[in-house]
Amino acid sequence: MKPETAALRDLCEQVLAENWREGIRADGYRFGYTSPSPRHYPWQWYWDSCFAAIARRDLDPAKSRRELESLLASATPDGFIGHTIFWDLPLRGARRLIYNVTESRPTMTASIQPPLLAWAWSLAVGDPALEPRIARHLDWFEHHRDLDGDGLIWIVQPDESGLDASPQFDPVWRWRCHDLPGFLQLVHHNRRLRYDLRAVADSGWPVMCELVTNVLYSLSRTAAGRPSLTPALLERCYDERTGLFRPLVRPAIRTHIPVTWTALAPLALPDLPEPIGRRLVEEHLLDPSRFWLPAGVPSVAADETSFRADDRGRFVRHRYWRGPAWINTAWLVWLGLTRLGYESQADELAGRIVTTVERAGLREYFDPFDGAGMGQRHFAWSTLVLELLRDPASGR
């Protein structure tokens, strides 16, 4: 192992160890999970835990399994697992107003995050088809979030995608978007309807078939031996004219939806047809005026008006999904580059991310121009940088 690689591995191992939390539930269950960051995110977040388990799989496989087992242990009998599990740290204060809960003493939120548990299990633990609780979890999505019977699932508000303040939601939820004054109204509306997709859709409020949510769900389905959603995504979300994927919205809107990295997320699908994957890479990802920026893949195409940079190209540090680079997004895109044989570009992207982390540390997100660290420090899922050092030919 190269000295610089060893140092990066040590840093990741240290952050994962510092962020590890464990305890005993009232019924005696011993849970364990990785806090996304020590100060700001104390609980277990669904997709953060899945990413942490993947990043930890070579460092401490037992804890990877325990992390995912703890998610499964929080599930309701029908397989639902919430966006955030509170364990032994009750939800208090102002967060009770904006968190997606429906009970006075909730054990977890009533909303979802992108369902990648089965895929994470396949990478870090083993065959998810052998775990009945994972089957129930996937069944829950089929029964409760598939609006049209084609397998694709829908979200009822932006934060269910994990991409809370992404500008792709601006023309959909408008002034009720995350971090805007009407978000509290959106939470209370959906809380009253208990985050039931069909009830929200019937009420006339927006619902969205969001791309990252469905890409990760498809990866989980295929990992568990279920049919891929790639054909449905191609039929309903792929725009042949632009060569990009677009979300579905109901009620339908005519307003332009900003192009974000989510349009490239299907690159992570192993069965994405090669010609479509090559269009995504060559026409969009590798465009230095849009996504191929010096310090990583921005969360919004740089030529969009919602990309928060000034006229001299300096990144404006606010609204965290409106331009910054995230390591989980780079990894998902990197998977597509390696699968399609863009080895030099995959190595270049990995090198940019490694250099960024070496300079700024494991931050929550990064300036896509100069790599300056932003958001929370010691951020757990940024340890996915280790995945970018993995030999794609090595298998799992």
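How many aromatic pairs does the structure hold? The structure holds 24 aromatic pairs, where rings of Phe, Tyr and Trp (its six-membered ring) pair if their centres lie within 6.5 Å. This is a predicted model, so local features need pLDDT of at least 70 and side-chain atom pairs count only at pLDDT 80 or more, while totals for chains, interfaces and linings use all residues. Residues are numbered from 1 along each chain as its sequence is written, and side-chain values use heavy atoms, leaving out hydrogens and water.

**Aromatic pairs**

- Phe51 and Trp381 have ring centres 5.3 Å apart and planes at 80°, so the pair is edge-to-face (planes over 60 degrees apart; under 30 would be stacked, the rest tilted).
- This pair links distant parts of the chain, with Phe51 in helix α2 (residues 46–55) and Trp381 in the segment after β10 (373–374), 330 residues apart.
- Both Phe51 and Trp381 are buried, i.e. under 20% relative accessible area, with exposed meaning over 50% and partly exposed in between (1.4 Å probe, protein chains only).
- Phe307 and Phe369 also pair edge-to-face, at 6.0 Å centre to centre and 85° between the planes.
- Phe307 sits in the loop between α12 (274–285) and α13, and Phe369 in the loop between β9 (365–366) and β10, so the pair ties together parts 62 residues apart in sequence.
- Phe307 is buried at 6% relative accessible area, whereas Phe369, at 28%, counts as partly exposed.

**Helices α13 and α14**

- α13 (residues 327–339) and α14 (residues 343–360) pack at about 160°, with axes 9 Å apart; axes are lines fitted to C-alpha atoms over the stretch in contact, and angles run from 0 to 180 degrees between N-to-C directions.
- The two are therefore roughly antiparallel (over 145 degrees; under 35 is roughly parallel, 65 to 115 roughly perpendicular, the rest oblique).
- The contact (heavy atoms within 4.5 Å) involves residues including Trp334 and Leu337 of α13 and Leu349 and Ile353 of α14.
- By class, the contact of α13 with α14 has ten nonpolar, two polar and no charged residues.

**Helices α3 and α5**

- α3 (residues 61–73) and α5 (residues 117–124) pack at about 155°, with their axes 10 Å apart.
- That makes α3 roughly antiparallel to α5.
- The contact is made by Ser64, Arg65, Leu68, Glu69, Leu71 and Leu72 of α3, plus Leu117, Ala120, Trp121 and Ala124 of α5.
- The contact of α3 with α5 splits into seven nonpolar, one polar and two charged residues.

Definitions and conventions. Helix = DSSP H or I, 4+ residues; strand = E, 2+ residues; numbered from the N terminus. Nonpolar A, V, L, I, M, F, W, Y, C, P; charged D, E, K, R; others polar.
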